[in-house]
Amino acid sequence: MADPTPVIDDLRAESEELDRLVAELSPEQWVLATPAPGWTIAHQIAHLAWTDHSSVLAVTDRGAFHREVEKALAAPGDFVDNGAEEGAGKPPEQLLADWRAGREALEAALRSAPEGARFPWYGPPMSTASMATARLMETWAHGMDVADALGVKRTPTDRIRHIVRLGVRTRDFAFGVHGLPVPFEEFRVELTSPSGELWVYGPEDADDRVTGPALDFCLLVTQRAHRADLALEAVGPDAARWLDIAQAFAGPPGAGRPRKGEGA
């Protein structure tokens, strides 16, 4: 069974990097528009705080979490946006304090979770490592939105290895959520990490293959960039289709981002 400590450590580091990006923002910067339609920087941080809170409930109070699921089922199209809107309406200092407190509570809960534990979620149940990976993926992706709004270029780190692994593991989910038949054979995925290491998944002799920068793969599976703007190569029709529909997050198919130059 995989030790969740490394991904929890990386989740903490990823959160701290984003915290440094927003800690000193002016009130005017908090309301800057991000690439997510209708969401400001405040909405992005509020969403992370809201999801961290839900994650804490999933780990520590299943009854309370199931009540949150019931709320989501009652308003499936608005639940996430409503949570972000509520948090974005708080003063920035309160929003920051809430996000920080939620992060600390979640980290403590994950580190103290029993070995082999599984927690309920809005999709399939999650292990400790999977929960931490999902939170890291969201923190990184929403952090990219914040950086884009501020015009800041973030330096990628090898922490994205967790997102790469999640993106590879959710291949079948991406096909299924689009109503497409799931490929029977595994794909070969070969990606170059930010540090220059080659990360590989799947059999070496696979007919369908995906190659390119790990950063671009993460941007693709979190739908932070259009496939046409990324240096990813696909060999085989199933691999090519996957790059059009890939998503590492739960829920219905995302709308994705427009190709550069096409506008919103």
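Biologist: How many salt bridges does the count come to?
Modeller: This is a predicted model, in which local features need pLDDT of at least 70, side-chain atom pairs count only at pLDDT 80 or more, and totals for chains, interfaces and linings use all residues. Residues are numbered from 1 along each chain as its sequence is written, and side-chain values use heavy atoms, with hydrogens and water left out. With a salt bridge taken as a side-chain nitrogen of Lys or Arg within 4 Å of a carboxyl oxygen of Asp or Glu, the count comes to 22.

Biologist: Happy to zoom in! Which parts does the salt bridge of arginine 111 and aspartate 9 tie together?
Modeller: The side chains of arginine 111 and aspartate 9 meet at 2.7 Å, N to O. Helices here are DSSP runs (H or I, at least four residues), numbered from the N terminus. The two residues are 102 apart in sequence, so their pair ties together helix 6 and helix 1.

Biologist: How do helix 1 and helix 6 run, roughly parallel or roughly antiparallel?
Modeller: Helix 6 covers residues 92-111, and its axis lies 11 Å from that of helix 1. Axes are lines fitted to C-alpha atoms over the stretch in contact, and angles run from 0 to 180 degrees between N-to-C directions. The packing angle is about 175°. With under 35 degrees called roughly parallel, over 145 roughly antiparallel, 65 to 115 roughly perpendicular and the rest oblique, the pair is roughly antiparallel.

Biologist: How many charged residues are in the contact of helix 1 with helix 6?
Modeller: Contact means heavy atoms within 4.5 Å, and the residues that make it include Asp9, Arg12, Glu16 and Asp19 of helix 1 with Arg100, Arg103, Glu104 and Arg111 of helix 6. Asp, Glu, Lys and Arg count as charged; Ala, Val, Leu, Ile, Met, Phe, Trp, Tyr, Cys and Pro as nonpolar; and the others, Gly among them, as polar. Beside six nonpolar and two polar residues, the charged ones number nine.

Biologist: And how are helix 7 and helix 8 set to each other?
Modeller: The axes of helix 7 and helix 8 (residues 161-169) come within 9 Å. They cross at roughly 110°. Helix 7 and helix 8 are therefore roughly perpendicular.

Biologist: How many nonpolar residues does the contact of helix 7 with helix 8 have?
Modeller: Helix 7 (residues 128-150) brings Ser130, Thr133, Leu136, Met137 and Trp140 to the contact, and helix 8 brings His162, Ile163, Leu166 and Arg169. By class, three are polar and one is charged. The nonpolar ones number five.
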